Amino acid sequence: MSNLGRRAFLKTSAASLTALTSLAQPLSAATPSWQAAPSREWLAYGGDQGASRYSPLDQITPSNVKNLKVAWVHHTEDSSERPSTTIECTPIVAGGVMYLQTAKLQVRALNAANGEVLWNFNPFEGSTERRATGISRGVCYWQDEEGKDKRIFAPARDMLYCLDARTGKLVESFANKGVLDFKENFDKDMTGLSFRLTSPPVAYQGLILCGGGGGEGPYPEAPGHIRGYDARTGERRWIFHTVPHPGEFGHDTWEGESWQKAGGTNNWAGMSLDVEHGWLFASIGSPAFDYYGGDRKGANLFGNCVVALDAATGKRQWHFQAVHHDVWDYDLPAQPALIRAKINGRNVDAVAQVSKMGLVFLLDRKTGKPLFEVEERKIEKSDVPGEELWPTQPFPVKPPPLSRIAFTEDEITNISPEAHAHVRALWESSRAGKIYTPPSLQGTVIHPGFRGGALWGGCCFDPKRNLLIVPSGEWSNRIVLAEARADQPFRYALPVRAEFQDHEGYPAIKPPWGYLTAIDLDKGDFTWRVVTGEFEALKKRGIPKTGTPSHGGAIATAGGLVFMAGTFDKKFRAFNSDSGEVAWEHTLNAGGFATPSTYEVEGKQYVVIAAGGGKGDTNSGDEFVVFALA
């Protein structure tokens, strides 16, 4: 380990012996915003500003969910197979109006009761077909204190569009005639660098708070600094450097001048807000280049951190690092969920952070300290010349991992002799085993993989049952590092970055491949765990239910149901909150690779899911499908 690495370890360990958590300042008082009270609509991407993905609606229950039928369907009419589109958007509902983004990122307002189109805004009017593709998981609703000025903030690639919520017209007093360019006011020369914001920003009083950032490398990438903008004018009010600048906390966790070139460390999965106390919570991704860190030795704060910021100023309150010096692409993939629960014997305001590693970190919201013990365990050293891995990684003692955290020989798929032989040959030619097996020039199996564990759908919280409910999957990857050409601006290239699959494209690891898990937060144990999804072709062969990996999240309701789509069998399901048993299911025309939402209009509860398909070898779709009791 370099001298800088030792100094960084000693400094950060002093803040928290096990998990690089710094102590917090006392919570500051703040005036609650318009969204402080629980809502019977779906006012934010995560249901509420704290991303609990819970609704107090109880009209639909396990006893009557069998009567849930399609109420109406909205076709966006802009999906395509080439280029393939998908929809990851969770619609929000405010004042009886549903706001969403389409397959090609148009922003649309619908009557939430019947689907009537109220207005449409196309940010790519006149642009090329490929420019108009991309991902956005939804929009942000903001209104002033009097409720007179109502706006929709919609991200589309590297721009933020500010629209009048009533008309869909650009609010020309915001930024540049209603459009904010994320590459400006970034405290970095952005020439030649790309930027994307794929999750909705957060509204707080008179501010719009935005994440986003660059890609994974190995070419130069933009960092993922978080910024607060004036919601009325678009003027930048503050910036938090996710790669700290000289004089800022954490700067010494980047060796030499590496902070100047480092990219990534972005918040692509969305942020959450403690409205009462005015704190913003962000989950940060890994530094770029994602698979080699020899040119950024050190712990690399704030990569792979949960960060608590003062929402009004951007000042850091505390941080918790879930992966030190990441070279496995283990971004924190979902909003931190802010929950009030009984955890380990006491009632506490907590942060629940799920991860690609399948590990769930439960933190005290005021301090960032783990609510269950977190152990720093030694990992294998790298033999890639120039690489210096951090010697340990944090493992929560509870809850148990959601995914297998090793890919041993015993875990090679057994769905057929041919599948087993194909995977075994690749497995034997690679380095494989425990989580955090280092990338190598020989080739390394990464498990859980880049889409393993939990993903951007995050988790949902049922406060009545004190359950944290998480969709997760078993997904593996295989990567190979190689010396880059002399004319390249990096030392190592990545000639192989592949999903680790059998000869037919099924996951390389033994099934099950997908779960929905309910965690008893008081005890830190699983209350129930069910396999989710099924591959029809394997079912026809008589292979027991395998489950499928999933893309999207789940929501919990006071009616005692958990709604989830996201599996590769195109099913939208309702699960009994007490047992995990499937209480209802509906086959969609395309995969529902999104998180649903639920809302009430004129006393009637609705549930909506985007069916955009387009992942893997599935067909693309253009539907938002809305259900209600018949």
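I'll take the strand, its partners, and then one leucine.

Ground rules, quickly. This is a predicted model, in which local features need pLDDT of at least 70, side-chain atom pairs count only at pLDDT 80 or more, and totals for chains, interfaces and linings use all residues. Residues are numbered from 1 along each chain as its sequence is written, and side-chain values use heavy atoms, with hydrogens and water left out.

Start with β19, residues 305-310. Strands here are DSSP runs of E, at least two residues, numbered from the N terminus. In β19, 6 of 6 residues are buried. Buried means under 20% relative accessible area, with a 1.4 Å probe and protein chains only. C305, V307 and L309 point one way; V306, A308 and D310 point the other. In a regular strand, side chains alternate between the two faces of the sheet.

Now the partners. Strands pair if DSSP finds at least two bridges between them. β17, residues 279-283, runs antiparallel to β19, with 5 bridges. There, L280 sits opposite L309. β20, residues 316-321, is also joined to β19 antiparallel, by 5 bridges. V306 faces F320 across that pairing. β19 and β20 make a hairpin with 5 residues between them. In the turn, G314 has a positive phi of about 80°.

Last, L363, in strand β23, residues 361-364. Buried or exposed? L363 is buried, at a relative accessible area of 0%.

How values were computed
Buried means under 20% relative accessible area, exposed over 50%, partly exposed in between (1.4 Å probe, protein chains only). Helices (H or I, at least four residues) and strands (E, at least two) are DSSP runs, numbered from the N terminus.
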